[in-house]
Amino acid sequence: MLEIKGLHKKLGSFELQAVDLSIKQGDYCVLLGPSGSGKSLLLELICGFQQADQGEIWLDGKNISQLAAQKRRASMVFQKPVLFPHLSVSANIAFAMRVNKISTKKINIQVNALAQQFQLTQLLNRKTGQLSGGEAQRVMLARALAAEPSLLLLDEPLSSLDVLLRHDLRKLLKELNQRGTTILHVTHDYEEALRMAKTIGIMQLGKLIQWGNPHEVFRNPASAFAAELSGLKNFFDAELLSETKNGLRKVMVKNVLLFTQSKLDAGFGKLVIDEKQLIISKSLPQSSAQNILHGSIKQIQKTPYGFEIEVACGIDLIAYITEVSFEKMNLAIGSEIFISFKIAAARFFTT
Amino acid sequence: MHTKNHLYCMVTKYSWLRLVFIFFSGIVLLFVLAPLLRLLLAPGLSGLIEAALDQQVSQSIFRTLGIAMSTTLVAGFITVPFAWLMARSRFRFKSVINAIIDLPVMIPHSAAGIALLGIINRESVIGQWASSLGISFIDQPAGIAIAMAFVSLPFLYNASRDAFEAQSGVYEKAALNLGASQWQTFYLISLPMAAKGILSGYVMMFGRAMSEFGAIVIIAYHPMVTPVMIFDRFNAFGLKSAQGIAALFVLISLIVFISLRLLAKRQSDARN
């Protein structure tokens with residue numbers, strides 16, 4: 001539904017270079033990159049706030065590259081809520097319909113429906129200055145959807161919110177996506193990308209260096225930069241159980257039982273295990289680590305600081321080891337080893 | 001914030017600095033108020049009534065307010081979009097253009113009148129073109145309006161430009177993104193969001209226009225606007241005779257000014 005071909009834009013000393021990507025109807029794409037990588041500029045190009053120097057943008061089978069911003073049907077939710085301060089909440093939501101000359105009766109019906117969906121019914125007559133951060137972002141979303149866009153663009157929509165509100169808004173975004181809204185979401189937060197994305201893209205210095213499903217992208221980063229940005233390679237679909245053992249929570253990853261600390265309710269989510277905190281030993285370690293797995297080395301890769309090894313131990317874990325230790329332990333593909341880590345190295349979060 | 005201010009006052013309440021500054025403030029206030037109070041009190045109530053009943057005076061006051069009002073509205077209609085354009089544009093000679101707009105405030109108003117006269121007199125291109133359309137500027141309301149606009153326009157321009165500049169362009173982007181045309185974006189978003197600043201610019205422009213003397217006296221001594229009439233009465237009949245009409249005009253100016261300010265404030269309060 002969104003097709004970007006060879007998009008190029010020079011802006012001062014910054015250059016967005018030959019971006020190609022394609023997003024399917026109903027997808028949830030997250031573009032991950034540090035600030036200054038060009039991801040917000042890409043959104044601006046899609047919206048028509050900026051004109052590309054080269055390349056084409058197709059939305060719903062239509063070339064919109066030269067189309068005026070107001071005709072593009074790609075609604076943007078900005079990083080900070082950009083609500084019109086002189087209009088009430090309901091007038092903000094109604095704005096897109098009002099400028100499209102839709103009848104007042106229809107507008108009222110639609111505003112009420114959106115208010116209900118986003119739990120804004122009580123706030124409709126408020127001034128926007130009286131809203132909390134979370135409320136304001138919900139109004140932003142309702143207002144964006146009132147325009148009935150083909151594509152919803154989100155520019156770091158969660159970064160101005162506190163942790164609890166982020167959780168609520170993430171849920172809301174997921175629901176929207178499940179109901180069929182196609183979303184392109186930009187962030188610099190690896191965890192956010194992991195929680196939300198069906199498809200993920202990594203941007204660096206104006207280039208889209210990787211594009212695919214999160215597992216492909218994070219497991220096989222296309223560059224050292226992508227690896228660093230994606231932060232953690234060991235992440236798994238997991239189920240947090242309600243059972244505890246010695247105060248620790250049990251979490252199942254495939255058929256492997258691990259322990260973590262969590263106050264969350266039992267349920268499905270992701271478990272991230274920090275590869276820098278994995279300890280490799282040839283014999284059963286006698287340490288305080290609560291998680292000990294046994295397995296064999298599947299792959300070995302040289303890195304600037306030593307070796308990255310992939311261990312099959314019911315789950316595939318990536319661990320790092322220095323050259324000295326590697327040689328001392330005499331490791332090779334197929335070596336049987338133990339891999340251990342403290343509960344603090346394993347973090348569970350809901351998706 | 002409140003506590004901080006409170007603390008600040010506590011610290012400086014009895015300091016020498018504060019006492020000296022209060023003394024200076026008193027001098028400034030007195031300097032402005034004393035002549036005006038003296039002016040308002042000098043003719044007494046009877047003097048004010050006498051001035052108000054003088055048909056020439058009342059006609060001139062209505063003429064002054066009427067022309068100033070129409071000038072402000074008409075000039076404002078084209079000045080506000082110009083201010084928006086300048087607030088949203090980035091180009092090399094922007095500050096030069098801003099300085100040019102400020103010129104009328106800087107130069108002597110009699111010089112402004114002479115300058116205007118140079119291009120609208122009957123022999124000039126514009127004067128001839130206007131007279132072919134049946135419009136004349138010299139000693140005509142149209143000439144008065146031009147003089148008023150020339151000297152008062154910078155106030156509206158600067159206030160509007162400041163208001164637009166203070167408003168982030170992202171609101172306009174948001175409106176366009178929601179499908180509003182550029183025109184709709186301007187009058188539904190940019191204009192109302194800058195309304196407070198623009199309204200206060202209008203009040204300033206109107207106030208400046210109705211009190212203009214120097215430029216008007218050169219272009220149109222007649223029909224007399226009130227500032228010219230005050231000067232005329234003073235010249236012909238002396239201080240006493242001028243005081244009544246001056247006091248009446250100042251009083252009316254004050255009433256108009258305060259009501260417009262209140263109106264502008266109420267409008268912006270209603271929005272916030």
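Leaving aside neighbours within four places in sequence, with which residues is B:Tyr221 in contact? In this predicted model, local features are described only at pLDDT of at least 70 and side-chain atom pairs count only at pLDDT 80 or more, whereas totals for chains, interfaces and linings use all residues. Residues are numbered from 1 along each chain as its sequence is written, and chains are lettered from A and ligands numbered from 1 in the order in which they are written.

B:Tyr221 is in contact with B:Asp139 and B:Val228 once its neighbours within four places in sequence are set aside, two residues being in contact if their C-beta atoms, placed from the backbone, lie within 7 Å. B:Tyr221 is found in the loop between helix H12 (214-219) and helix H13 (226-237) of chain B, where helices (H or I, at least four residues) and strands (E, at least two) are DSSP runs numbered from the N terminus. Because it has 14 C-beta neighbours inside 10 Å, B:Tyr221 counts as partly exposed; a residue is buried if 20 or more other C-beta atoms lie within 10 Å of its own, exposed if 12 or fewer, and partly exposed in between, with C-beta atoms placed from the backbone. The C-alpha atoms of B:Tyr221 and B:Asp232, which are 11 residues apart along the chain, are separated by 9.3 Å.

Chain B contains 14 helices and zero strands, and its C-alpha trace spans about 65 × 60 × 35 Å along the principal axes. Of the 272 residues of chain B, 34% count as buried, and among contacts in this chain between residues at least 6 apart in sequence, 77% join residues at least 24 apart. An automatic or database domain assignment, the source of the domain bounds, divides chain B into domain 1 (1-41) and domain 2 (52-271), with 32 Å between the centres of these two domains, taken over C-alpha atoms. In helix H11 (residues 195-210) of chain B, 14 of the 16 residues are buried, so this helix is largely enclosed by the rest of the structure. The end C-alpha atoms of H11(B) are 22 Å apart, which agrees with the 22 Å that its 16 residues should span at 1.5 Å a residue, the expected span being 1.5 Å times one less than the number of residues.

The largest nonpolar core has 158 residues, and those with the most contacts inside it are A:Ala142, A:Leu153, A:Leu271, B:Ala147 and B:Met148; such a core is a set of buried Ala, Val, Leu, Ile, Met, Phe, Trp, Tyr and Cys residues joined through C-beta atoms within 7 Å. Helix H8 (residues 141-166) of chain B provides the largest share of this core, 15 residues. Apart from neighbours within four places in sequence, B:Met148 is in contact with B:Ile67, B:Ala68, B:Thr71, B:Ala209, B:Glu212 and B:Ile216.

In chain A, strand S1 (residues 2-11) and strand S2 (residues 14-23) pair in the antiparallel sense over seven bridges, pairing requiring that DSSP find at least two bridges between the strands. A:Glu3 has A:Ser22 as its bridge partner in S2(A). The hairpin of S1(A) and S2(A) has two residues between the strands, and A:Gly12 in this hairpin takes a positive phi near 65 degrees. Between the chains, 18 residues of chain A are in contact with 16 residues of chain B, and H2(A) supplies the largest share of the side of chain A that touches chain B, three residues.
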